[in-house]
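Let's go through this one in a few quick questions. Have the fold open as you read.

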Amino acid sequence: MMSEEKFWKLIEQSNQEKKSVDKNEQGDALQEILQNFSESEIVGFHARMLMLKEKLKTLFMREIAFMMKYGDNDQAFDGFVNWVIVLGKAHYLKAQNSPPYVLTLDDPELFVVGKPYFQDLNYVALSAYFDDTHLELGDWVKALRKVMRKESYKNKKNDSEIKN
């Protein structure tokens, strides 16, 4: 799995390389960046993204998303959580520690066409993977499962070491 440090560097790089203030451009920039990576790194990026998303999917964050009109269904909430991630590490950590933080954001450049929503993050690694490898969806699923199982095993092992 890709390290958090490398993941956040790629998010920052994509934010700098987007061609306009439109946050949607960040998805295109991120896909172009990922196309230069190996299959395993692309899958590792996606796996890291999934883990970071899970850390944000709390009831409190859902309530904040609902206040911002993006918590009433799973797809809207998913796009909201993606938006928090593409804001970058500093915003992510502040939001993770205190979800109401996102209510204080008012810079128009932080939003996607004025909205706290970014669905593209779910697809950039997958698109880069297919553009780079020309493999099938089943290959992507196998590679992602392998990375996630390895990470799960590593976490269980760390948890048992901590208990002992």
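Q: Which exposed residues sit on the face of H6 turned away from its buried side?
A: This is a predicted model, where local features need pLDDT of at least 70, side-chain atom pairs count only at pLDDT 80 or more, and totals for chains, interfaces and linings use all residues. Numbering runs from 1 along each chain as its sequence is written, and side-chain values use heavy atoms, with hydrogens and water left out. Buried means under 20% relative accessible area, exposed over 50% and partly exposed in between (1.4 Å probe, protein chains only). On the face of H6 turned away from its buried side, the exposed residues are Ala90 and Asn97.

Q: Why do the buried residues of H6 count as being on the same side?
A: The residues in question are His91, Tyr92 and Ala95. They lie on the same side of H6 because the arc they cover around the axis, taken from the directions from the helix axis to the C-beta atoms, is only 100 degrees.

Q: Is Asn122 buried or exposed?
A: Asn122 lies in the loop between helix H6 (89-97) and helix H7 (124-133); helices are DSSP runs of H or I with at least four residues, numbered from the N terminus. Its relative accessible area is 14%, so Asn122 is buried.

Q: How far apart are the closest N and O atoms of Asp78 and Lys57?
A: These two form a salt bridge (a side-chain nitrogen of Lys or Arg within 4 Å of a carboxyl oxygen of Asp or Glu). Asp78 is in helix H5 and Lys57 in the loop between H3 and H4, 21 residues apart. Asp78 is buried at 11%, while Lys57 is partly exposed at 33%. The closest N and O atoms are apart by 3.2 Å.

Methods: Helices (H or I, at least four residues) and strands (E, at least two) are DSSP runs, numbered from the N terminus.
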